[in-house]
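Below are a few notes on charged side-chain pairs, written with the coordinates open beside me.

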Amino acid sequence: MSKKFYITTPLYYPSGNLHVGHTYTTVAADALARYKRSRGYDVQFLTGTDEHGQKIEQVAIEKELSPKQYVDEMIEKIKELWNTLEISYDIFIRTTDKEHEEVVQKIFTKLFEKGDIYKGNYEGHYCTPCESFWTESQLVDGKCPDCGREVQLAKEEAYFFKLSKYQEPLMKLFEEGRDFLKPDNRGKEMVNNFLKPGLEDLCVSRTTFDWGVKVPFDEKHVIYVWFDAVINYISALGIYSDNDEKFNKYWPADVHFVGKEIVRFHTIIWPAILMALDIEIPKQVFGHGWIIFENDKMSKSKGNVIYSEPIIELYGIDALKYFLLREFSFGSDGNFSREGFLTRMNADLANDLGNLVSRTITMIDKYFEGIVPERALIEEIDDSLLAVVNENIFEYEENMENYNFSEALSNVWKIISRSNKYIDETKPWVLGKEPESKERLKTVLYNLGEVLFKVSILIRPFMEHTANAIFEQLGLDNPDISWDMLKDENSFESGQRVSKHSPMFPRVDVKKEIDRWNEANQKFIDERNGNKDELKIPFKDEISIDDFDKLDFRVATVKEVKKHPKADRLLVFQLDVAGNNRQIVSGIAEYYKPEDLVGKQVIIIANLKPIKLRGVESCGMILSASNDDELSVLTSLKNVKSGSVVS
Ligand code: MSP
């Protein structure tokens with residue numbers, strides 16, 4: 001029976017477009033999953049989306065969508081990105097999946113019954129616009145660390161998880177030296193910053209917003225989003241359900257890959273929840289570093305966000321995956337620079353690898369009419385090449401087992417460089433001129449073919465297209481590859497016909513190419529934002545005139561506009577509709593100053609059921625035309641009586 005390997009990425013927030021930094025965890029997990037599969041493991045690779053919480057609710061309100069409508073739209077974009085990157089996940093879990101929500105509720109109830117969750121009061125500093133509680137030490141200059149505004153002391157009824165009870169076993173976990181958290185420095189950080197100062201119980205419910213899993217026995221409370229989200233790693237396997245086969249087979253996780261900023265949730269809170277449930281904890285958590293961009297944090301407001309899609313369009317998936325995992329050491333932060341990317345593509349891919357492939361294939365073509373020769377006369381230099389190959393295969397495996405992706409790829413490139421040097425040393429073009437050197441030439445070209453064959457096996461978890469293209473050029477279509485072939489001196493066949501392809505990677509002029517890349521990145525952003533004359537949102541299904549008649553459009557006059565007390569993007573309108581006052585909340589604060597709208601006529605839908613938007617009642621909707629960048633409130637060309645029917 002094959003050994004199992006369960007690997008997870010964090011669940012992504014569906015709150016905006018994912019940039020190249022976001023793809024790092026998933027690209028790394030994908031390479032590892034592919035590597036383990038090729039070594040015969042029965043792999044489960046989980047990824048998904050973290051869809052509850054106040055922030056998502058807020059963004060949805062601003063877009064005048066229900067949170068569910070909003071996340072449904074965003075999830076499609078995330079899945080599309082993983083498809084573009086050919087991420088080989090086995091499970092895609094959404095925290096809004098019914099099965100997941102049920103498990104979260106079951107766990108909450110279990111822990112409440114056990115006494116590990118109890119009801120109490122949360123006291124802290126409260127930031128009203130952010131609806132967040134902060135402890136004294138979290139405040140920055142006494143103000144909200146998120147938005148910088150004044151905070152008030154506040155008290156809220158809430159449920160707590162007895163995190164403090166697990167202080168000792170957690171401490172042990174880090175002290176046991178069992179490699180629970182990697183790299184090592186992150187373990188020290190957890191011990192020194194969180195465990196040594198002493199753990200406090202964790203507030204695991206909120207009452208100030210709605211979008212989340214309800215506490216099953218006290219529905220005005222919504223379960224804290226992190227408590228909800230981490231449970232996905234076991235709910236996805238069917239724990240506490242009739243179908244828990246996967247849980248029994250794959251749990252505990254072999255490794256959770258997470259970014260460094262969320263290590264605390266995965267190595268303190270998550271294990272404590274599992275301990276409380278008497279469930280084994282994951283074998284390992286790896287906290288990888290951050291990718292910053294040209295020495296700055298990537299952010300929309302700085303306008304320095306780099307997306308994967310244009311990179312893939314210009315240079316292919318393999319170049320991107322190779323760069324991400326070769327350039328940065330997985331445990332440390334790294335600086336993504338376009339120049340660095342292009343330079344590496346030129347040097348490692350177009351030159352080192354590209355040259356080795358094209359020289360080998362060209363010479364087999366030229367000297368043996370395209371047929372791969374057999375190994376014949378052997379000399380010492382061949383052994384030294386094979387020694388480098390074997391040594392680096394051994395180190396590659398060790399590096400992969402320790403998630404040192406960059407080092408593993410560097411092992412492959414050591415093989416490639418040594419092989420290019422072997423060509424320079426053996427001089428096949430000289431051997432080709434003398435008939436008596438034919439036997440020697442056979443060996444040299446067979447060896448080069450074999451090296452390329454093994455290099456392709458090694459790069460396949462990272463660069464599937466490139467590996468397959470090399471197999472094809474070596475005359476092997478869809479070869480049946482096993483990892484053991486790397487250890488076999490004769491696994492590469494001879495006698496098959498090679499075929500020459502055009503270069504796999506372009507060699508580019510770095511300076512000029514940066515402009516082309518910038519343009520492509522900007523074009524991608526514009527298209528996403530709908531600046532192109534294309535229909536970004538498809539037309540809705542047809543309706544009948546009777547359906548249309550149900551909508552009551554009216555002209556209204558704006559009497560007063562105020563900012564919403566709790567949400568920056570919302571405005572609260574008092575309108576006159578044929579002498580009647582009507583209050584409507586609209587998410588357009590970003591586009592209009594309140595005073596600019598007073599006295600204007602607007603078009604409203606008057607018969608929408610009233611709803612509360614962040615606690616303020618809204619009776620109808622003000623119509624506007626919008627895309628992601630701009631918004632214009634609709635009005636009447638001529639002033640007409642307020643209350644006039646719009647049809
Ligand atoms: N929803 C939480 C995770 C819950 S897991 C139960 C979350 N989501 S996230 O969308 O903000 O981040 C997802 C992953 O992307 C994290 O591992 C995060 O570290 C990673 N990255 C986001 N930007 C990044 C970089 N610029 N560089 C490297 N990885 C970063 O956290």
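1. By what part of a helix are Asp 348 and Arg 344 separated in α13? About one helical turn, because the two residues are four apart in that helix. Please keep in mind throughout that this is a predicted model.

2. The side chains of Asp 348 and Arg 344 form a salt bridge, with N and O 2.7 Å apart. Both Asp 348 and Arg 344 are buried.

3. Arg 344 also has a salt bridge with Glu 327, where the closest N and O atoms lie 2.6 Å apart. Glu 327 sits in helix α12 (residues 317-327) and Arg 344 in helix α13 (residues 338-368), so this pair ties together parts 17 residues apart in sequence. Glu 327 counts as partly exposed because its relative accessibility is 30%, whereas Arg 344 is buried.

4. Another pair to look at is Lys 4 with Asp 254, whose side chains meet in a salt bridge at 2.7 Å from N to O. Lys 4 belongs to strand β1 (residues 4-12), while Asp 254 is in the loop between α9 (245-250) and β11 (255-259), so the contact links parts that are 250 residues apart in sequence. Lys 4 and Asp 254 are both buried.

5. Salt bridges also join up into a network here: Asp 30, Arg 34, Lys 321 and Glu 464 are linked in this way.

6. For the overall count, the structure holds 43 salt bridges. Among them are Lys 4 with Asp 254, Glu 327 with Arg 344, and Asp 348 with Arg 344.

Note on methods:
Residues numbered from 1 in each chain as written. Predicted model: local features only at pLDDT ≥ 70, side-chain atom pairs only at ≥ 80, totals over all residues. Heavy atoms only, no water. Salt bridge = Lys/Arg side-chain N within 4 Å of Asp/Glu carboxyl O. Buried < 20%, exposed > 50% of the residue type's maximum accessible area, 1.4 Å probe, protein only.
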